[in-house]
Amino acid sequence: MKALTFKRYGKSPEIGLVDLPRPVPKADELLVQVHAAGLNPIDNMIPTGMFKPVLHFQLPATLGSDLAGIVLAVGSQVTRFKPGDAVFASIFDLGHGSLAEFAVVPESAAALKPENLDFVQAASIPMVGLTAWQALKERAHLQAGQKVFIPAGSGGIGTFAIQLAKHLGATVGTTVSTGNIELVRALGADEVVDYKQQQFENVLRGYNTVLGTVRGDALEKAIGILKPGSQIVSLIGPLDAAFARARGLNVLLRFVFGLMSAKIRRLAAKRKVAYSFLFVHPDGAQLTEIGALLDAQRIKPVIDQVFPFEQAKAALAYLAAGHAKGKVVVRIKPE
């Protein structure tokens, strides 16, 4: 089968399409013919070695986390799926990737594809959907009537998280450039700051939750818009000791990650704000609940561009440029 792999970590990872053996599902896995794979920023970060202490791959490794496709075979212990089922899933952090003609998916990570979505639309959802779900529902316990700040609202995570937060009954603030104001307002954003015209920390006040999606000093500035007793859930770091403990990492890494997050935690504590780093995990049950919202059109996919499989490397470069409105998807199997 064809797969998009990287051969080494660093500045020259040698990303390209190669031929690999078709994977064989274990007892608790599905073999899926991949029709489409959604891209996420971490797909570009992994080959740099940034997450090498945390994510473990056998090189050369297949890139990609999100997929949608058809089940071809199931392992002996699989009970919820059968050959012919259309599914979608995130296989992030499982040691193998989705940018391939075939992929194995643990039964626990898979969900039936929403019937009203095609494979490209479904493939755009898993990681951003699960990230928003785990951050806003599980970690922040966002409630109706509360206020959540979701920076970079026109990006992949932003376009989904805004819609989920509105479904939960929250007031949503976001930042975008001038050309994306109408997009995020259509998704439900209530307070929209044009970052080319204003600084969000001078405009927004009284927030309960900040979703950290932008690198640089945005997290530190966001502390000022939060009420005491509120929280920051960061998707982009800095990593913290609690994350290291949850991953079962050694004492040295726990210490290092604690140092990395010391400044933001100290600044947050002065305002009685909690800080935590979130690393998304695959979850088929949550994806099933997200699928129900998609089926009911409470949330709609936002897709910027679709690339053919032969241009998967170019798709990663396009995503890395940072201008996508919504998600970038690679179509693996032509319809």
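View 1. The largest pocket has a volume of about 1,400 Å³. A pocket is an open set of points on a 1 Å grid over the protein atoms alone, where a 1.4 Å probe fits, with protein on both sides within 12 Å along at least five of seven lines. The volume is the space filled by probe spheres set on the points, which are joined across faces, edges and corners. Of the 47 lining residues (an atom within 4 Å of a point), Pro41, Ala152, Ile157, Thr213 and Val214 lie nearest the centre.

**View 2. Elements and residue classes around the largest pocket.** At least two lining residues come from each of α1 (41-45), α3 (126-139), α4 (156-167), β10 (171-176), α6 (218-222) and α11 (312-320). Helices (H or I, at least four residues) and strands (E, at least two) are DSSP runs, numbered from the N terminus. The largest share, four residues, belongs to α1. The lining comprises 25 nonpolar, 16 polar and six charged residues; Ala, Val, Leu, Ile, Met, Phe, Trp, Tyr, Cys and Pro count as nonpolar, Asp, Glu, Lys and Arg as charged, and the others, Gly among them, as polar.

**View 3. The second largest pocket.** This pocket holds about 400 Å³ of space. Its lining has 19 residues, with Pro23, Thr62, Gly95, His96 and Gly97 nearest the centre. β4 (61-62) and β7 (102-106) each supply at least two lining residues, and β7 gives the most, three. Twelve lining residues are nonpolar, five polar and two charged.

Residues are numbered from 1 along each chain as its sequence is written. Totals for linings use all residues of the predicted model.

Notes:
Predicted model: local features only at pLDDT ≥ 70, side-chain atom pairs only at ≥ 80, totals over all residues. Heavy atoms only, no water.
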